[in-house]
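Take a few minutes to walk through this model.

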Amino acid sequence: MQTSKEIQIANLGFPRIGRQRELKFAQEKYWRGETSQAELKKVAKELRRTHWEWQAQAGVSLLPVGDFAFYDQVLTLSATLNAIPERHRNQDDAHVDLDTLFRVARGRAPSGKDAPAGEMTKYFNTNYHYIVPELTVDQEFSVAYEQFFEEVEEAKVLGYAAKPVLLGPVSYLFLSKAVGSDFDKLSLLPKLIKTYADILARFSEQGVDWVQLEEPVLALELDADWQAAISSAYEELKSSEVKVLLASYYGTIAHHQALVSALPVAGLHLDLVTAPEQLAEFAANLQPEQVLSLGVINGRNVWAADIDLIAERIAPVVNDLKGRVWISPSCSLLHSPVDLDVETELAPALKQQLSFAKQKLSELTQLKALLSTPADSAAKVEIDTIVATCVARREAREAAADQQVIDRVAALNADDYERDTVFANRQAIQQQKFNLPLLPTTTIGSFPQTPAIRGLRSRWRKGEITQEFYNDQLRQVTRDTVERQLKLGIDVLVHGEAERNDMVEYFGEQLQGFAFTKFGWVQSYGSRCVKPPLIYGDVSRPEAMTVEWAQYAQSLTDKPVKGMLTGPVTILHWSFAREDISREEIATQIGLAIRDEVVDLQNAGIGIIQIDEPAFREGLPLKKSDWQAYLKWAVDSFKLSAAGVTDETQIHTHMCYSEFNETIAAIAAMDADVITIETSRSRMELLTAFEDFAYPNEIGPGVYDIHTPNTPTVDEMVELIEKAADKIAVRQLWVNPDCGLKTRTWDEVEPALKNLVQATKVLRRKL
Ligand code: GLN
Ligand code: ZN
């Protein structure tokens, strides 16, 4: 083994939000005009100082700079490149400043003119959203914003060696959108690379040695012209004075191995958490002098790593490459919560299984110790302790297994996944039972979460009101919600979900195997953070979760009230899931828990049950060649959750923000009796996939865009339903909004739904 000096600890990026979400609060205060820009920048500077200090303490040798961003790091890069839409520029001299960034991100800032915000979308397969750069056919680039360079200086003043981190030119272009006219974005590459070269030259003047350029597009299957772009970009940049670490993450890049191994870059970073198998080939093809950065600690999860096993696995490569190895998280720690130390209320047994961003750095310190020849007996003892901790942690995990759940999964057979008979037969039985009119109307589940409801919940959580009082109040809300729907004349009602704060958390809190942190926030976009539940153990449902609410609502009316559940894929995808068993197994366990609830709902007299799967599409792997395997288990877990009922029971599912062209076969395989989808913005375009596939089951294409406060008119909705009827047989169609209504007010919802019912009546007469 080599000596410890030869292995470097590296980091791709650290979360910027602060362990108490300081950046969020400071930014929002600034946006509200309650503090000055100087105050905001002071908070930001303090956060950077703290985060660098933690990293330096863990032994990170080159501190990432540029991972900090006020809203989004892709936006900071756009500003640096002067790729800012005209509408957001300053009126006087078009210079780019912090308020310019905020105007791009939010449409407004304390200074400057309001203009529609830039589009925001998910960064690859993460829940982080970036601001999509807008590029025109004659786009020019130049270095226009100083934040990167100022932060390099700031790190230098603190005595740190800085490694600027930025998205590489090809991924930047790939993620941007062509505006104004449709043109080949790659035509901008030569100009873009010149400005990248200018940026690198500025870094070099500042004494920077290494720059991290990230090309996450390598995890995708790229067309030939994009592959060629990678080669030409790095060929152009090789004359730069700074060394380039080319970073990939979120998946294997083995399918581009020949291309990547030939690039003239000084170092290469691999995500060896999602794709450990790619190590051997890249190591064997490393150029002399090139550094290989091994991303072995998961940057996107919360679990402590099995560092003893990692050490064993990478030791041969570490030995072979003698001093050219860096060890690092798999990707930026941006996707991990900040600091486990502030979680004072977690059970110790669970806490010892966890590791947040700050702890992940210590894991790298420990990994380095395991990979190094112990200098003395104290170092030997330290190594033994590290290994013993890893072993104990695994043993505790195994001991906590729930054999009943494991046995139940093992005993599943093909029948458990199928309804009793085929859809056509079920449809006839259900029609007889519910006797619904043509174009039945329904909603997606939630009704307005008023300040009164939220206030009630917060008092209940703090223990200020009794469970009894809380339930009683919620029953009143539910009754009111049912009455309003009856008055509107909706055919299939919902109870309104007033008792739910969040569609995953609500179930997680009642399921075995889930836990919640207090401060486990991760940035979703801008100042918005989410706190996903942890799935740490085998999942089961100790008792009914929703039956009482559904039953209560159903007791108020003769019309059917839909039971409302979140599906296994969505629960899994919106949680931090354990890593010691496969995602497929976890989805199966959740599927069984939901199945238990579905059966209980049916037995309690609930005839229609909706299992929401809005995250179904989000779970798709980056490489299309991996899609089928995912879709297979995703569909199966849904079917498992739904198939426990008799033919009479009507199963609905709901998906929003989806596009169905390539997944329609899987959607059909889910075999839900009814699917409701978001289609109003695309003006029914999304239905084409269903039409082309001759989708046989029933569909409720959304006709009311719930993301705006505007009231859709009767005519607009008549037109949309007619458009839908051009594609799908009328007897297959339902009429409903795009999604749940919890973010809207009753003042918005009632007139909109009144029009929706009216539009349906108009069409029933016409068709
Ligand atoms: N039933 C949920 C609701 O109406 C669905 C939410 C969603 O699709 N994101 O709120
Ligand atoms: Zn939805």
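Which residues is leucine 294 in contact with, leaving aside its neighbours within four places in sequence? They are Leu270, Leu272, Ile314, Val325, Trp326, Ile327 and Ser328. Two residues count as in contact if their C-beta atoms, placed from the backbone, lie within 7 Å.

A word on ground rules. This is a predicted model, in which local features need pLDDT of at least 70 and side-chain atom pairs count only at pLDDT 80 or more, while totals for chains, interfaces and linings use all residues. Residues are numbered from 1 along each chain as its sequence is written, and chains are lettered from A and ligands numbered from 1 in the order in which they are written. The predictor's confidence in each residue is its pLDDT, from 0 to 100. The chain has a mean pLDDT of 96, and 99% of its residues reach 70 or more. For the complex, the predictor gives an ipTM of 0.99 and a pTM of 0.96.

Now the core. Leu294 belongs to the largest nonpolar core, which has 210 residues. Leu75, Leu101, Leu246, Leu294 and Ile327 touch the most other members. Helix α22 (residues 583-603) gives the most to this core, with 8 residues. A second, separate core has 5 residues, including Ile453, Leu456, Leu474 and Ala498. A nonpolar core here is a set of buried Ala, Val, Leu, Ile, Met, Phe, Trp, Tyr and Cys residues joined through C-beta atoms within 7 Å. A residue is buried if 20 or more other C-beta atoms lie within 10 Å of its own, exposed if 12 or fewer, and partly exposed in between, with C-beta atoms placed from the backbone. In soluble globular proteins, nonpolar side chains tend to be buried together.

Isoleucine 314 lies in helix α11 (residues 307-320). Helices (H or I, at least four residues) and strands (E, at least two) are DSSP runs, numbered from the N terminus. Isoleucine 314 is buried because 23 other C-beta atoms lie within 10 Å. Not counting residues up to four places away in sequence, isoleucine 314 touches Leu294 and Val296. Valine 43 is 271 residues from isoleucine 314 in sequence, and their C-alpha atoms are 39 Å apart.

Glutamate 22, in helix α1 (residues 22-31), touches Val43 and Leu47, not counting residues up to four places away in sequence. Alanine 44 is 22 residues from glutamate 22 in sequence, yet 8.6 Å away, C-alpha to C-alpha. Glutamate 22 is partly exposed, with 16 other C-beta atoms within 10 Å.

Helix α4 (residues 98-106) shows what being covered looks like. Of its 9 residues, 7 are buried. They are Leu98, Thr100, Leu101, Phe102, Arg103, Val104 and Ala105. Their cover includes α2 (37-57), α3 (73-80) and β4 (129-131). Just after α4, glycine 107 takes a positive phi of about 85°.

Which other residues have a positive phi? Most residues other than glycine have a negative phi. Asparagine 82 has a phi near 65°. Asparagine 82 sits in the loop between α3 and α4 and is partly exposed, with 18 other C-beta atoms within 10 Å. Phenylalanine 124 has a phi near 50°. Its loop runs between β3 (120-122) and β4, and phenylalanine 124 counts as partly exposed because it has 17 C-beta neighbours inside 10 Å.

The expected span of a helix is 1.5 Å times one less than its number of residues. For the 12 residues of α16 that gives 16 Å, and the end C-alpha atoms are 16 Å apart, which agrees.

Finish at the ligand. Around ligand 1 there are 13 residues, and the closest are Ile444, Gly445, Ser446, Pro614 and Gly740. A residue is near a molecule or strand if its C-beta atom, placed from the backbone, lies within 6 Å of it. By class, this shell has 6 nonpolar, 4 polar and 3 charged residues. Ala, Val, Leu, Ile, Met, Phe, Trp, Tyr, Cys and Pro count as nonpolar, Asp, Glu, Lys and Arg as charged, and the others, Gly among them, as polar.
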